[in-house]
Amino acid sequence: MADGVLSPGVNLEAFSHAIAAIQALRSSVTRVFDCLKDGMRNKETLEGREKGFVAAFQESLHSVSRDLGELERLSNLVGKPSENHPLHNSGLLSLDPVQDKTPLYSQLLQAYKWSNKLQYHAGLASGLLNQQSLKRSANQMGVSAKRRPKAQPTTLVLPAQYVDDVINRIDRMFPEMSIQLSRPNGTSAMLLLDIWSKSNYQVFQKVTDHATTALLHYQLPQMPDVVVRSFMTWLRSYIKLFQAPCQRCGKFLQDGLPPTWRDFRTLEAFHDTCRQ
């Protein structure tokens, strides 16, 4: 029998003994029919043959009764599988005569048992995590809630004149770069940097990707002017895109491309494969 075909509620050891009991019962029944088939033989007198036949027949019937009782006892120990099987009609796959070549049913049962175990362990993990969360919340409320100030929202509302002054200073810092400020929706300011239009050249496509990464890196909501100035300083380092060698390999070109990556802190140039 293929592994995993038995229901989880079945006693495998008792099941193994029950199979042996079935084999013994079949042997006992076979001896009964053999006794009836052979009849009264190997006895000199009729009375002796009759007595020998009756004794052998009674012994065979006693063996059948004994083996049948043992099988009934083991059947109670094996256990009863669930009548409402979770796989429903897929149980008919177990009747496939070519089970050894297409063990689909046993694989379904193994997958179902694995899914049940996963669900069980996930439930245990969820319960433990919830308990830890409650303990952590209680500890925070009881110990540090009084000392920890309430987090303030990070949204900043800056005067329009302040924003204009910051952009003007940055514009004077980088005269070789074109910076334009726009307010399409009234007071909300937008800095015009065309870094999303896709270039036809692979080198500038990589620079665009790195610039997008830099926008996510330079984040400091409490000091927006520092964020803009830091990003513009980083972006200005590409003024020597085709003149600066890679700081790791010392080469100007690798796979036909110059060093397109600029370190966020030192602004040093690296090839993509060299910065790892």
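Let me start with Asp-255, which sits in the loop between H6 and strand E3 (261–262). Helices here are DSSP runs of H or I with at least four residues, strands are runs of E with at least two, and both are numbered from the N terminus. This is a predicted model, where local features need pLDDT of at least 70, side-chain atom pairs count only at pLDDT 80 or more, and totals for chains, interfaces and linings use all residues. Residues are numbered from 1 along each chain as its sequence is written, and side-chain values use heavy atoms, with hydrogens and water left out.

Asp-255 is not a glycine, yet its phi is positive, about 55°. Most residues other than glycine have a negative phi. With 75% relative accessibility, Asp-255 counts as exposed; the cut-offs are under 20% relative accessible area for buried, over 50% for exposed, and partly exposed in between, using a 1.4 Å probe and protein chains only.

Leu-267, also not a glycine, has a positive phi of about 65°. Leu-267 lies in the loop between E3 and strand E4 (269–270) and is partly exposed, at 29% relative accessible area.

Now the cores. A nonpolar core is a set of buried Ala, Val, Leu, Ile, Met, Phe, Trp, Tyr and Cys residues joined through side-chain atoms within 4.5 Å. The largest has 24 residues, and Tyr-218, Phe-231, Met-232 and Trp-234 have the most contacts inside it. H4, helix H5 (202–217) and helix H6 (224–236) each give two or more residues to this core. H6 gives the most, five residues. Another core, of nine residues, lies apart from it and includes Ala-14 and Leu-74.
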